[in-house]
Amino acid sequence: MLIKAAADIPSSDITDKRLYMNRRAFIQSATGAALSTVATVLGAEALVRAAQPAPHGRKLAHVTPGALGTGEQPNTWEQVTTYNNYYEFGTDKSDPAEMARNFKTEPWTVTVDGECNKKGVMNLEDVLKGETLEERVYRHRCVEAWSMIIPWVGFPLANFIKRCEPTSKAKYVEFYTLYDPKQMPGTRVPVLRWPYVEGLRMDEAMHPLTILVAGLYDEVLPNQDGAPLRLAVPWKYGFKHIKSIVKVRFVERQPLNTWQQQAPDEYGFYANVNPGVDHPRWSQNTERRIGEFLRRKTVMFNGYGDQVASLYTGLDLRRNY
């Protein structure tokens, strides 16, 4: 290597100090961002590896392949049962796998109320009675920009709604999660207003993609994934997929869902997957699927646009986020 003395170097060859410092800052910034990305990826994978997967449960009988799923390769049982958002059991992704182990889901009842003719309390067996369970491999996209492919087992929510005989006043369906501080340690902390509440417009609820979920793969639904009964609405962000449902109400006015109440500037009622509407604290343009290193482009309506875009004709989806 040739080293020149300072006196031998023309001033035109000397890098301006400000440019040098800016370049150095840029490299540090880029390196920091890259390390942050790697840390995020490795941190998520570490959580999946560290948390204890759900024990395998009872096999569900007569499960048929669903025609409305995606042909993508599902995530593993271990991934789906160890990386969960379920604030009733803690705010960390690994908390539900640990804290929901002894959660009692039998017996279980669902109360039906509001603008319908068939009000009352139904046992879980009655909710499932006569239904053909389908395995539907759905994309699951979370608002924190991570995603999975999950093989839910369930049946169309529309079937349940028809049995309840909603009246003409019923424009929305409102759902409630169980509130039980004795079993759900996360509810002892006021991070949200309990119980957890979600809602759908009636046409969204009646859409054939919307299902009531009772299983995962071909087994009963694990506790940390919303046992014994949860919602799956695959074109919406994960917080709409309410877990451990104990009440269904048919209402005339749009419900105020929990996250909309908690942070209305961040979480709206519709929660349609829309890469054009960023969360105030992060971009929704890309997502990282659990189990993969690289990020991928977020697709409008989570890839279900052909089936559901017509539901929102004329609706500004930037304002109605």
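Reader: Where is Tyr217 found?

Author: In this predicted model, Tyr217 is found in the loop between strand S8 (211-216) and S9. Strand S9 covers residues 219-220.

Reader: Why does Tyr217 count as partly exposed?

Author: The relative accessibility of Tyr217 is 23%. A residue is buried under 20% and exposed over 50%, with partly exposed in between.

Reader: What makes the phi of Tyr217 worth a remark?

Author: Phi of Tyr217 is near 55°, a positive value in a residue other than glycine. Most residues other than glycine have a negative phi. Ser244 also has a positive phi, near 45°, and is likewise a residue other than glycine.

Reader: Where does Ser244 lie, and is Ser244 buried or exposed?

Author: Ser244 lies in the loop between S10 and strand S11 (245-251). Its relative accessibility is 0%. Buried means under 20%, so Ser244 counts as buried.

Reader: What makes the peptide bond between Trp194 and Pro195 a cis bond?

Author: Omega is about 0° for the bond that joins Trp194 and Pro195. Pro195 is found in the loop between strand S6 (172-177) and strand S7 (197-201). Ala227 and Pro228 are also joined by a cis peptide bond, with omega about 0°. Pro228 is in the loop between strand S9 (219-220) and strand S10 (230-232). Most peptide bonds are trans.

Reader: How do you know that Cys116 is in no disulfide?

Author: The structure holds 0 disulfides. For Cys116, the nearest cysteine sulfur is that of Cys164, 5.8 Å away. A disulfide requires sulfur atoms within 2.5 Å, so Cys116 is in no disulfide.

Reader: Why are Cys116 and Cys142 called buried?

Author: Cys116 has a relative accessible area of 3%, and Cys142 is at 5% relative accessibility. The limit for buried is under 20%. Both cysteines are therefore buried.

Reader: Why does Gln260 count as buried?

Author: Gln260 has 16% relative accessibility, which is under 20%, so Gln260 counts as buried. Gln260 lies in helix H7 (residues 258-262). Leaving aside its neighbours within four places in sequence, Gln260 is in contact with residues including Tyr267 and Phe269.

Reader: How do you know that strands S5 and S12 are joined?

Author: Strand S5 (residues 146-156) and strand S12 (residues 286-289) are joined by 2 bridges. Two strands pair if there are at least two bridges between them, so S5 and S12 pair. These strands run parallel, and Trp146 stands opposite Arg288 in S12.

Reader: In what sense do S12 and S13 pair?

Author: S12 and strand S13 (residues 296-297) pair in the antiparallel sense over 2 bridges. The bridge partner of Thr286 is Lys297, in S13. The hairpin of S12 and S13 has 6 residues between the strands, and Gly291 there takes a positive phi near 105°.

Reader: What does the secondary structure of the protein come to, and how many residues count as buried?

Author: The protein has 8 helices and 13 strands. Of its 321 residues, 49% count as buried. The protein exposes about 16400 Å², and carbon and sulfur atoms supply 53% of that area.

Conventions. Residues are numbered from 1 along each chain as its sequence is written. This is a predicted model: local features need pLDDT of at least 70, side-chain atom pairs count only at pLDDT 80 or more; totals for chains, interfaces and linings use all residues. Side-chain values use heavy atoms; hydrogens and water are left out. Buried means under 20% relative accessible area, exposed over 50%, partly exposed in between (1.4 Å probe, protein chains only). Helices (H or I, at least four residues) and strands (E, at least two) are DSSP runs, numbered from the N terminus. Accessible areas come from the Shrake-Rupley method with a 1.4 Å probe; for residues, only the protein chains shown count as cover. Contact means heavy atoms within 4.5 Å.
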